[in-house]
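Here are my notes for your first read-through. Keep the model open beside you and check each point as you go.

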Amino acid sequence: SSRRFPRFDTPAARPAIEARLDAVSTFCLDVISRDALRGAIDDVRDVERLAAKAAASRSTPRELRALGDSLAALPAVVAALARAASQGGRLRAILDAWDDAADVASHLCGVLVERPPLAIGDDATIAPGIDTELDELRELRDGGRDAIARIQAEERARTGIASLKIGFNKVFGYYIEITNSNLSAVPPDYQRRQTVTSGERFVTPALKTYEEKVLSAAERIEARERELFEALRSAAGREIGRLQHIARTIAELDVL
């Protein structure tokens, strides 16, 4: 066969072999450190694969969160390593070059919900409090009680009609209901929608604008989440060099 294998019987190879054997010996003798490191590594997924998918803009929300969770598990790995590395050697060298990409972990876990969906649009992907526009759209989609209460308070103050109420039905959408005794105080910009026994129902340009926002909120939520997710994924992908270094380090520790 023309296939060539590396030689390990040269003087130059001996220090690397000895360092590796010393590291293995440390874990053989220090059961506590070995078990701690083994347990910590169990919480780390395939960082290299997850990072590569992020760099190629192919990772799903769930995969990107798995990358963040894996990085968030690294402090437990380095804590276990620090005990074993106290005697120096290869384990000490690994510890000295350690990078757990804490900033990347914090960013990923902070922006994404704890259990993201496989695809944008199935369920929430971006955590609340991350983006004001997204939070407002969700509030609109989910009923927007605070927004309705605010509009109602504003209209009561503007018209002086304390009994003014904002309601909703599937036929007319949102409306402002004015009792018969207060019809004389209705502003000229109120547009009559319906007559009821106790009074009249109206709409205003502001209320119609709000209604249009509610109806389009779900569509806009998906678009905004996609935009935020893609920016997050790109940011993670740009850290590919650091993440590959971390993956190699974890792989070496796993083998040792």
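1. Start with one residue pair. V196 stands opposite G199 in β4. Keep in mind that this is a predicted model.

2. Now look at what lies between the two strands. A hairpin of 2 residues links β3 to β4. At another point of the pairing, Q191 faces V203, a residue of β4. Strand β4 covers residues 199–203, and its pairing with β3 is antiparallel, with 5 bridges.

3. Next, the whole sheet. What is the order of its strands? The order is β1-β2-β4-β3. The sheet is open, has 4 strands and pairs in the antiparallel sense. Strands of any sheet are held in pairs by backbone hydrogen bonds.

4. Which strands stand at the edges? They are β1 (165–169) and β3 (191–196). Each has a single partner strand, so one side of each lacks a neighbour in the sheet. From one strand to the next, the twist averages 35°.

5. Two helices meet this sheet. Helix α9, residues 145–159, lies across β1 and β2 (173–179). The direction of α9 is at about 135° to β1. Helix α10 also packs on the sheet, where it touches β1, β2, β3 and β4. The angle between α10 and β2 is about 150°.

6. Then the largest pocket. How much space does it hold? About 250 Å³. Its lining is made by E133, E136, L137, E139, L140, A147, R150, A206, T209, Y210, K213 and R220. Helices α8 (132–141), α9 and α10 each give two or more residues to that lining.

7. Last, helix α4. This helix runs over residues 61–72, which makes 12 residues. From first C-alpha to last, α4 reaches 16 Å, close to the 16 Å expected at 1.5 Å a residue.

8. Is α4 mostly covered or mostly open? Mostly covered: 9 of its 12 residues are buried. A residue counts as buried when its relative accessible area is under 20%. The buried residues are P61, E63, L64, R65, A66, L67, G68, S70 and L71. In an α-helix there are 3.6 residues a turn, so residues three or four places apart point the same way.

9. What do the buried residues of α4 pack against? Their partners are α3 (47–55), α5 (74–84), α7 (102–111), α10 (205–237) and α11 (240–255). Note α10 in that list.

Note on methods. Residues numbered from 1 in each chain as written. Predicted model: local features only at pLDDT ≥ 70, side-chain atom pairs only at ≥ 80, totals over all residues. Heavy atoms only, no water. Expected span 1.5 Å × (residues − 1). Buried < 20%, exposed > 50% of the residue type's maximum accessible area, 1.4 Å probe, protein only. Contact = heavy atoms within 4.5 Å. Pairing = 2+ DSSP bridges. Axes fitted to C-alpha atoms, helices over the stretch in contact; angles between N-to-C directions. 1 Å grid on protein atoms, 1.4 Å probe; cavity = no way out; pocket = protein on both sides within 12 Å on 5 of 7 lines; lining within 4 Å. Points joined across faces, edges and corners; volume = space filled by probe spheres on them.
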